[in-house]
Amino acid sequence: SFQLIPRKGVLVSSDGTLKLGERILAGTGKMTLKRKAGSPFFSFDFQSKSELKEPLQGMYWKAFGRLSILDNKQGVAATSQSAACIEVYSQKQKLAVFRTALAYISADEKIQLNQGEFTAFVGAKDSLHQANIRANWVPGEEAWHIHLNEGKQLFDESFHQMRISGDLAILKVPNRTIDFYRLSGRAQVPAWVESFDFYDAERIDNEQGILTYDPLRVLFNYLNETKKTEAYLSDIATRYQRDPKMLQGGFEQFKRAGLMNYQAATDLVSWTRLGKHYAQVKFAKKDYDRFYVPSYGNLVPRDTANITLDLAHQKLMVRGIKEVMVSDSLKANFLPSDSQISFSQGRDFDFKGEIKIGNYRFRGPAFYFNFTNFAVQFPKIDSITFLPKNSSHEVGGQFKYEAGTILLSPPSNKSGRNGI
């Protein structure tokens, strides 16, 4: 059935069928009766009522959801029960998945989604994840370009127990790698990786700003008192006799920083992994670490990524490193001689170069850092020297050493909070 709306110049169908190749789809649609200036098409819009039985697909992807057509673009849209989904494949192996309310595919197979969730698979059980991204598929590169919609947020990578910061991530499908880049202020503002247990009090202070209450404290207290994992913001406001609108502003701000999940439409609020960690450190004295690895663009070869995650081999490579801060309280820093380190399992990594611990200097061709034990192993050492106080001359270089281990701190005291 059709309805003509002369005033708007459109033909509308609220209950019709569309024949598209072998597909016959029930849905709603509208078509303008006048072409826009310079356009060879009449504007046409169609939404199927149910999910496609067979996905739209290209060489490296499959798209699931309700069919959505806008002019010369096809796409997939969410249903009332589930998001639209684009699965990414390489050599029949599923590499990643995007979930979104709407994604369009142009005639030349370019794909665009403006708001969605991204998950890439790292090994059998782990993943890289970000819940608020925009992305586009570039067929000529055989790659997905992925941007954060909130610049302060990070990618969570569970295989190496790291968070990754970058302006742009590029999933190169045939290579099964994801490259991360810092685009703005490359020499001054690093891309970086940080441990899941990294804690920076200044990060919370910056979010707190001029707020007259601490959203982190409010949510921590409420969930602890009620023994729940999520709550309605209106219930929190009632319990603490606060104005819901006043609370909402602060909770929205902490959401944009990646510390909370909050949806105004449902009023539900809960922790992100990052937010829960920060709350437990701040209010429950949980141990933490200061493991942070910055990557500077001016130390990375042109057109080379700051950080690369190899999905096929579960390796994480960070380039452009001046110094790795392992612990500020312990004054332990690593200086890779080739400006890069490679992570294997978890937060363990290897490098060559120099270790500084207080006034001691360790130099060698191969160091293996075991994060769990918070210790460094070396099969060979070039020198161990000591820098006396008020001196610029190192001593002890004449001695020779064999293999050994450096224990930085007891594993339960990575923060140095309990003393050195």
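Buried means under 20% relative accessible area, exposed over 50% and partly exposed in between (1.4 Å probe, protein chains only). The model is predicted: local features need pLDDT of at least 70, side-chain atom pairs count only at pLDDT 80 or more, and totals for chains, interfaces and linings use all residues. Residues are numbered from 1 along each chain as its sequence is written, and side-chain values use heavy atoms, with hydrogens and water left out.

**View 1. I164 in strand β16.** I164 counts as buried because its relative accessibility is 0%. Strands (E, at least two residues) and helices (H or I, at least four) are DSSP runs, numbered from the N terminus. Contact means heavy atoms within 4.5 Å. Beyond its neighbours within four places in sequence, I164 contacts L128, L154, F155, E157, F180, W192, V193, I307 and L316.

**View 2. Strand partners of β16.** Two strands pair if DSSP finds at least two bridges between them. β15 (residues 155-157) pairs antiparallel with β16 over 3 bridges. F155 has I164 as its bridge partner. The β15-β16 hairpin leaves 4 residues between the strands, and Q161 in the turn has a positive phi of about 55 degrees. β19 (residues 191-195) also pairs antiparallel with β16, over 4 bridges. Here S165 bridges to W192.

**View 3. E207 in helix α1 (residues 201-208).** E207 counts as buried because its relative accessibility is 6%. Residues up to four places away in sequence aside, E207 touches K152, Q253, F254, A257 and L259.
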